[in-house]
Structures are given as structure tokens and as C-alpha cells.
Amino acid sequence: MLKGVAVRFDILFLFASNNFCKNFPFAILGTPTMGFRMRYFSIIIFLLYFSSAYGTQLLINHPQSESSDTVAEPGLKDVLSFPIGAAVKIKLLRNNAVYRKLIVQQFNSITAENAMKFNSLHPEPTVFRWSDADYIVDFAKANNIRVHGHTLIWSKFNPKWVTEFQGSRTDWENLLKTHVQSIVSHFQGKVASWDVVNEAFEDNGNYKSCIWLEKLGPSYIELAFRYAHECDPDALLFYNDYGHEFGGRKLQAILNMAKDFKRRGVPISGLGLQMHTVVRMEDAKIAKTLRTVAAAGLKVHISELEVSVRYQKPASFILDSNLALQQAEKYRAIFQAYQSIPKWQQFGITTWNVADADSFRNSKIKNHDFPLLFDLNYKPKAAHDVLMKRIRKK
Ligand code: G3I
């Protein structure tokens with residue numbers, strides 16, 4: 001806007017210093033004391049010109065101001081008909097302007113990669129560490145982005161005080177309740193939805209052994225959903241897992257649980273398919289699983305998507321253009337299949353991390369991989385371009 005003001009005064013200034021406009025101030029002021037008023041008017045024009053030009057300079061030189069995260073160019077969020085998200089790393093969000101800008105430009109939903117896990121938020125029985133998660137929530141609010149909470153209860157990333165806790169069944173129920181309700185009430189109205197329980201099943205459909213199963217039996221899952229709902233009845237509550245895009249017994253066990261929860265009024269709103277998938281995954285299989293999951297009559301979240309291209313482990317492995325196009329086609333197939341489920345069930349697609357540079361699959365101690373929509377320099381890849389051009393709003 002300041003630029004616009006500067007341009008307008010640029011024009012006025014030109015007019016005021018031009019022969020054609022010599023009589024312009026006279027016409028406005030319309031008195032015989034023209035010489036004095038002329039000078040007076042010119043000084044005002046002069047001052048306005050410089051203040052607006054200086055203001056424009058300020059805007060250019062200080063991109064970290066309040067509105068710095070606003071980006072004009074369109075991104076995925078502008079072309080897709082469902083929410084598009086990414087898992088975010090708190091350190092990058094706090095410190096990396098390119099990363100923040102890319103998120104604001106491309107996504108309208110975010111998930112904390114680690115900042116809302118048990119160990120991060122509740123490291124001691126009576127200590128809650130909110131600052132990182134609050135920062136994410138504030139960033140989202142300032143930029144009109146939805147926050148999906150991940151994850152209230154999981155077998156992993158639990159602090160020692162939990163895994164070593166001694167107590168009766170009632171004590172364990174209280175521990176679970178206190179954790180779930182402290183977190184959900186802290187973020188009430190700020191976090192739209194939660195992965196209430198993450199990864200509770202084995203591939204063979206059995207319950208995965210973990211501290212919660214050991215102390216409370218399978219009912220820990222239901223209890224977590226009920227406790228969360230008591231605290232924030234408006235939050236959407238998801239069960240989240242991986243590997244069931246392949247179908248099989250794990251998918252069946254999850255669907256049975258969802259059906260049972262719906263029948264008994266356990267407050268479940270949706271199912272999360274993490275979909276840490278690979279470029280070789282068959283399109284037809286993904287489409288079939290999405291239809292099967294949607295048939296459960298709940299919202300569906302592709303919650304941790306990436307398309308891995310790593311076949312082997314060499315450190316020198318690179319993504320050539322042929323493989324980049326194969327990857328782009330896989331993303332397109334997944335997004336298109338997702339768009340085919342009923343609209344009300346499309347909670348959104350979230351990629352797990354933003355760019356290859358910050359993918360959990362691509363750390364120094366792991367192997368080289370290039371699974372995301374943006375590259376090691378946060379530039380869009382072929383997959384991003386294909387989604388921008390070939391997936392249309394429905
Ligand atoms: O907290 C320490 C930090 O202080 C230290 O500097 C750093 C050095 O390596 O380690 C830090 O903890 C690591 C943490 O990520 C933050 O970087 C943990 O060791 C590491 O285990 C943790 O890994 C995360 C993993 O979940 C376990 O929580 C990954 O970043 C995260 O991408 C991954 O995400 C999971 C989803 O939650 C559930 N689905 C699968 C997905 C991928 O495994």
C-alpha cells in the first residue's frame with residue numbers, strides 16, 4: 001500500500017513541477033497571494049513525497065515485520081479443494097525465514113512434527129513445557145493456518161516418569177486422563193483436531209505392545225478418545241497409523257475398531273493414514289484403500305505423506321529427472337484418489353515435513369532420500385508443479 005501512496009505522490013510531484021500544472025495550486029487556493037501559497041504547497045508536496053518514499057524503503061529493508069509472513073504468489077493451498085498441510089520442525093520455524101515463508105505460501109494446515117508429543121509437552125509429572133507448541137499455534141493463528149495436534153497417546157516418545165510409573169489401574173487411568181485433558185484444554189479452540197492415539201496395531205492386526213496396553217488393556221484407546229472429547233467437544237478426534245494403505249489385517253483391525261467405536265458412541269471423527277509410501281506403490285492399491293477407509297463413514301486424513309525414491313543406500317544417490325517425474329506421478333495419483341472420496345470426508349493431506357532438506361528420512365545418519373514436494377534448497381520439485389497444474393479444484 002505504501003508503494004501505491006509513493007507512486008501517487010510521485011505523480012503529484014511531477015505535476016507540481018511541470019509547466020502544465022503551474023496554475024494547479026492557484027486553482028485550488030484561488031487567491032492573489034499566489035507566490036507564498038505556491039511555495040507552501042510545494043513544500044508539503046515535497047515532504048509527502050519523501051515520507052512516502054522513505055516508508056516504501058522501510059518496507060523493503062525490513063521484511064521481518066508483523067506482516068512478513070504474508071506472501072502474494074499462489075501455492076498448493078490456493079489450487080487444492082481440500083486442506084494441505086505439512087509437519088513442521090520448531091527449530092526451523094523459529095529461525096529460518098525461507099522455511100516460514102514457504103509454509104505460509106503453500107500450506108493451510110500444519111502438524112507439529114515432535115513438539116506436541118508426550119515427552120515434549122509433559123516431561124515430568126507436574127511439569128508442562130508449552131513454549132514450542134505455543135509458538136507453532138501462534139504462528140498458525142497469525143497466518144490463518146489450521147493446527148492438527150500430534151499426538152496425545154503413543155507407544156513411543158514417552159518420558160521415563162511414565163514408563164517407570166508404578167500404580168493401580170485407577171492410577172494409570174488418572175495418569176492418562178490428566179495428560180490428555182491438560183493438553184487438550186490448554187489448546188482448546190486453537191488446535192482443530194488431534195491424533196488421539198497413534199500406531200496401536202501391529203501389521204497382523206494384533207494390538208501393539210506398549211506401556212498403555214500393558215497397564216490398561218485395549219481400553220486405553222477408547223479412554224483417550226473419551227477424555228479428549230470431554231475437554232474439547234469441538235475438536236475432531238483421529239486414530240492414526242501407518243502401513244494400512246497396503247490393506248490386510250492391520251487395516252481390517254482398524255476398521256473394526258472404528259465400527260465398534262461408532263456403534264458404542266466413542267467420539268471418533270476420523271482415521272489417519274500416515275502413508276510414508278514409496279514411488280513403486282501401486283496407484284490402484286492406494287485408491288482402493290482410500291475407498292475402503294472412506295466406507296467407514298469417518299473423515300480421512302492422509303496424515304504423514306511422503307513418496308520415498310530411495311532404492312538402495314549409497315550416499316551418492318541423486319534424484320534424476322526421470323525419477324522426479326515418476327515421483328510427481330505418484331503424488332498426482334494419490335491426490336487424485338483422495339479427491340474422489342466424498343468431500344465432507346476430505347480432512348486433508350499432510351506431508352511429513354516441508355522439503356527434502358528437513359525430511360526425517362534424509363538426515364545425516366540415515367540415507368539420502370528425496371521424498372517431498374520441495375528440494376534441498378526449498379525450491380519446488382516436479383511433484384509440486386504437477387500438483388499445481390494438474391489437480392483442479394472440484
Ligand atoms: O530431543 C533431541 C534433541 O535434543 C537432540 O538435539 C536431537 C539430536 O538427534 O535428538 C532429539 O530428539 C529426536 C527428535 O526426533 C527431534 O529431532 C529423537 O532422538 C528422534 O527419535 C525424534 O524422531 C522423531 C520420531 O518421530 C520419534 O518421535 C522424528 O523427528 C519424527 O519425524 C518422527 O515422526 C513419526 C510420527 O511422529 C509418527 N509416525 C511416524 C513418523 C516417522 O517416524
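Helix axes are taken here as lines fitted to C-alpha atoms, over the stretch in contact, with angles running from 0 to 180 degrees between N-to-C directions. In this predicted model, helix H14 (residues 283–294) packs against H15 with an angle of about 25 degrees between the axes, which lie 9 Å apart. Angles under 35 degrees count as roughly parallel, so H14 and H15 are roughly parallel to each other. Their crossing is right-handed. On the H14 side, Asp-283, Ile-286, Ala-287 and Leu-290 take part, and they meet Ala-333, Ile-334, Ala-337 and Tyr-338 in H15. By class, this contact holds seven nonpolar residues, one charged residue and no polar ones.

Helix H15 (residues 321–339) also packs against helix H16 (residues 382–390), at an angle of about 40 degrees and with the axes 8 Å apart. H15 and H16 are therefore oblique to each other, and the crossing of this pair is right-handed. From H15, the residues Ala-324, Leu-325, Gln-327, Ala-328, Tyr-331, Arg-332 and Phe-335 meet Ala-382, Ala-383, Val-386, Leu-387 and Arg-390 of H16. Nine of the residues in the contact of H15 with H16 are nonpolar, one is polar and two are charged.

As for confidence, the protein chain has a mean pLDDT of 85, with 79% of its residues reaching 70 or more. Over residues 1–34 the pLDDT stays under 50, and the model gives this stretch 28 contacts beyond four places in sequence. Residues 41–68 likewise have pLDDT below 50, with 20 contacts in the model beyond near neighbours in sequence. Where pLDDT is low, predicted coordinates should not be read in detail.

How values were computed: Residues numbered from 1 in each chain as written. Predicted model: local features only at pLDDT ≥ 70, side-chain atom pairs only at ≥ 80, totals over all residues. Helix = DSSP H or I, 4+ residues; strand = E, 2+ residues; numbered from the N terminus. Parallel < 35°, antiparallel > 145°, perpendicular 65-115°, else oblique. Left-handed = near helix turned anticlockwise from the far one by under 90°. Contact = placed C-beta atoms within 7 Å. Nonpolar A, V, L, I, M, F, W, Y, C, P; charged D, E, K, R; others polar. pLDDT = per-residue confidence, 0-100.
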